[in-house]
Amino acid sequence: MSHQKSIFFNLLLVSAMVTWGISWASGKVLSNYAEPEVIIFWRFLATFLSLFPIVILFKESFRLTFQSFLYVSLGAIFYLIYNQFFFEGLKSGLAGAGGVLVTTLNPILTFLLITIAKKTWLSVKESIGLGIGIFGGIVLLELYDGNFRKIFISGNLYFLFASLTWAFLTITGQKSKEKIHPIVFSFYVYFFSTLIDFFLAIPYKIEKVFSFDSIFWWNIFYLSVISTTFGTTVYFFASGKLGSKRASTFIFIVPFTALVSANIFLGEELKVSTILGGSLAVLAVFILNKKSVSIRK
């Protein structure tokens, strides 16, 4: 690969990570408009529709086998639960803090779940990485004063559950690669999630969004088309050219972008505990990624 092409794909990955980071500020804005079920439905519907031409562009088959159907169904359930926690947390919590907490703890929890599932012992380096990650989480949640009630305030508990749910979704997505292309997996996850959430949103008057202002619709467009469809497509495309291992290092841009965008667009304070805790968690992820645990049986 030429130097110019390498720079181009690196810039694509950076743009994808930035759109993911800003999604936390966008989600915070949307959380003030309606119940999570209503917002989730319209976000999923828009994403599903925008992913359709992308699957065609990638020239992938829409065919589902029984196994891929099971993976997609499980992924849809996890993603629906994740979004519920995502918006519930943002209603009372800070977008920047949530973005740092979830995006940094997710790979740590994923690593821990895989290790437990494989019943393997941690190496010294992995133990150090997890230890740093746990300490980073304590700092992020400001639990260093021994007041564990802080877990239950400011959306922290929802963010923790969101991170854990995303870890299960990550594992499901990784396993599904053996049976279905990631883009097709995402397409059907949004399709099934939209169908399920439609029935959950009906009691909250799903049609009331048509009376909302343009800010609501611009943020729905951003979360669905820009952050998800564009960001995910660019990530898969660029990582396919540069390699998944190299692409994974760009994930560290997301928590930083979440913090900065929340400060710029929402006026949220850049707390020392969030910056320090997030930095420790990023360091932990870096250490753990030095020797990843395979999820293949």
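Which residues line the largest cavity? I started there.

**Entry 1: ground rules.** I am working on a predicted model, where local features need pLDDT of at least 70, side-chain atom pairs count only at pLDDT 80 or more, and totals for chains, interfaces and linings use all residues. I number residues from 1 along each chain as its sequence is written, and side-chain values use heavy atoms, with hydrogens and water left out.

**Entry 2: the cavity.** I found 1 cavity of 30 Å³ or more. A cavity here is a set of points, on a 1 Å grid over the protein atoms alone, where a 1.4 Å probe fits but cannot get out; lining residues have an atom within 4 Å of a point. Grid points are joined across faces, edges and corners, and the volume is the space filled by probe spheres set on the points. The largest cavity comes to about 60 Å³. Its lining is Leu 94, Gly 96, Ala 97, Leu 259, Ala 262, Asn 263, Glu 268, Glu 269, Leu 270, Lys 271 and Thr 274. H10 gives the most, with 3 residues.

**Entry 3: the fold.** I counted 11 helices and 0 strands in the chain. Helices (H or I, at least four residues) and strands (E, at least two) are DSSP runs, numbered from the N terminus. Of the 297 residues, 50% are buried. Buried means under 20% relative accessible area, exposed over 50%, and partly exposed in between (1.4 Å probe, protein chains only). I then checked contacts (heavy atoms within 4.5 Å). Among those between residues at least 6 apart in sequence, 90% join residues at least 24 apart.

**Entry 4: the salt bridge.** I found 1 salt bridge. The cut-off is a side-chain nitrogen of Lys or Arg within 4 Å of a carboxyl oxygen of Asp or Glu. Glu 35 pairs with Lys 208, with the closest N and O atoms 2.7 Å apart. Why note this pair? Glu 35 sits in the loop between helix H1 (3-31) and helix H2 (36-57), and Lys 208 in the loop between H7 and helix H8 (214-242), so the bridge ties together parts 173 residues apart in sequence. Glu 35 is partly exposed at 26% relative accessibility. Lys 208 is partly exposed too, at 24%.

**Entry 5: Tyr 190.** Buried or exposed, I asked of Tyr 190? Tyr 190 is buried, because its relative accessible area is 5%. It lies in helix H7. Leaving aside neighbours within four places in sequence, Tyr 190 contacts Phe 44, Thr 47, Phe 48, Leu 51, Tyr 79 and Thr 228. Ala 76 is 114 residues away in sequence, yet the C-alpha to C-alpha distance from Tyr 190 is 6.7 Å.

**Entry 6: the nonpolar patch.** I looked up the surface next. Ile 77, Ile 81, Ile 196 and Leu 200 make a nonpolar patch of about 300 Å². Helix H3 (66-92) and helix H7 (182-201) each supply at least two of its residues. Leu 200, in H7, is partly exposed at 42%.

**Entry 7: positive phi.** Most residues other than glycine have a negative phi. Lys 59 has phi near 55°, and Lys 205 has a positive phi of about 60°. Lys 59 is in the loop between H2 and H3 and is exposed at 75%. Lys 205 is in the loop between H7 and H8 and is exposed at 55%.

How values were computed: Patches are made of residues with over 30% relative accessible area and no salt bridge: like charges are joined within 9 Å, nonpolar side chains (Val, Leu, Ile, Met, Phe, Trp, Tyr) within 5 Å. Accessible areas come from the Shrake-Rupley method with a 1.4 Å probe; for residues, only the protein chains shown count as cover. On a 1 Å grid over the protein atoms alone, a cavity is a set of points where a 1.4 Å probe fits but cannot get out, and a pocket is an open set with protein on both sides within 12 Å along at least five of seven lines; lining residues have an atom within 4 Å of a point.
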